[in-house]
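Subject: Structure for your review

Dear colleague,

Please find below the structure that I am handing over to you. I would be grateful if you could look through it alongside the notes that come after it.

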Amino acid sequence: MAKSKFKSGFVAIVGRPNVGKSTLMNHIIGQKIAIMSDKPQTTRNKIHGVYTSEEMQVVFLDTPGIHKRQSKLGDYMNTTALNTLGEVEAVLFLVDTAEGLGGGDRFIIERLKDVRTPVILVLNKIDRIQPEELLPIIEEYRKLYDFAEIVPISAMLGSNVNTLIEQIGKYLPEGPQYYPEDQVTDHPEQFVCAELIREKILHLTREEVPHSIAVTIEDMRVEENGVVYISAIIFVERDSQKGIIIGKQGALLKEVGKLARQDIENLLGSKTFLELWVKVKKDWRNQERILKDLGFHRDM
């Protein structure tokens, strides 16, 4: 029996903020490259995650959550997410079954109607509902759009994720293996390290510093003893936020560094020395020049 030919392609993950897009992609590729937080709108750039098996290679684009914009950064995030839809072989539309169909879901569905790409409805967080609730939810979404496939999953538990991958394979063309089989992202290591630092800040500061932070890696090098040296700057919008992130006698910043270093060492496989600095850039989310300096470029 002839061996089936290798398939490859690009797949976008879209959905309202905080429905589990980053959790899903991290589970599929088996490594953390996209930050996870219970705060919405934590993903700011298109994160490219790479899944490779013997049959196929899928490059996932974990787009920013589509939402009602409140700043130039929010405008950038919406533009990035929507422009992605025309660049891929399939779109995964991820929804939160526990929250139910909302205005944000309808907003995205209206935009999906202008896209010719096959759309797979992914019903996430099924572990939070009763089994008998699932069918009515499916019917509710089916009335609004002709989805190519409908797949219920739990990204957190990994339930039915293998089935989702099989369904994605149906829509990929025959193609080359773009990346080595052990590569899980096409982002430089500096980008992932900055995101891991930002994740720890979001987790430890809770509501005090919601989305007023950005992280850049100023220096990253391997010392003669094999230790990776990283110097990172954490940008905030106000002096009061700087005080919160540093914490009493530097305690919170020290904890951010400790937790981020653990994840970075797992990512790099090397002992790491992490140095963190906090600087104020007032109202950076609404200043085009600062957004570009921090790596946020509007898709045209």
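Predicted model: local features only at pLDDT ≥ 70, side-chain atom pairs only at ≥ 80, totals over all residues.

I begin with strand 8, which covers residues 228–236. Nine of its nine residues are buried, so strand 8 is largely enclosed by the rest of the structure. In a regular strand, side chains alternate between the two faces of the sheet. Here V228, I230, A232, I234 and V236 point one way, while Y229, S231, I233 and F235 point the other way. The residues on both sides are all buried.

Strand 8 has a partner in strand 7 (residues 214–222), and these two strands pair in the antiparallel sense over eight bridges. One of the pairings joins V222 to V228 of strand 8. Strand 7 and strand 8 form a hairpin with five residues between the strands, and in this hairpin G226 takes a positive phi near 90°. Strand 8 also pairs with strand 9 (residues 272–280), this time in the parallel sense and over nine bridges. V228 has T272 as its bridge partner in strand 9.

I turn now to the charged side chains. Side chains of opposite charge can pair when their charged atoms come close.

- E139 and R142 meet in a salt bridge at 2.8 Å, N to O. Both residues lie in helix 4 (residues 134–142), three residues apart, which is about one turn of the helix. E139 counts as partly exposed at 32% relative accessibility, and R142 counts as partly exposed at 46%.
- D263 and K200 meet in a salt bridge at 2.7 Å, N to O. Because D263 lies in helix 8 (residues 251–268) and K200 in helix 6 (residues 189–205), the pair ties together parts that are 63 residues apart in sequence. K200 is buried, with a relative accessible area of 11%.
- R221 and E223 meet in a salt bridge at 3.5 Å, N to O. R221 is partly exposed at 36% relative accessibility, as is E223 at 31%.

Lastly, E54, E55, E181 and D182 form a negative surface patch. Among them, E55 sits in the loop between strand 2 (47–52) and strand 3 (56–62), and E55 counts as partly exposed at 46% relative accessibility.

Yours sincerely

Key:
Residues numbered from 1 in each chain as written. Heavy atoms only, no water. Patch = residues over 30% accessible without salt bridge, like charges linked within 9 Å, V, L, I, M, F, W, Y side chains within 5 Å. Areas by Shrake-Rupley, 256 points an atom, 1.4 Å probe, with all protein chains shown as cover. Salt bridge = Lys/Arg side-chain N within 4 Å of Asp/Glu carboxyl O. Lys, Arg positive; Asp, Glu negative; His and termini not counted. Charge placed at Lys NZ, Arg CZ, Asp CG, Glu CD. Helix = DSSP H or I, 4+ residues; strand = E, 2+ residues; numbered from the N terminus. Buried < 20%, exposed > 50% of the residue type's maximum accessible area, 1.4 Å probe, protein only. Pairing = 2+ DSSP bridges.
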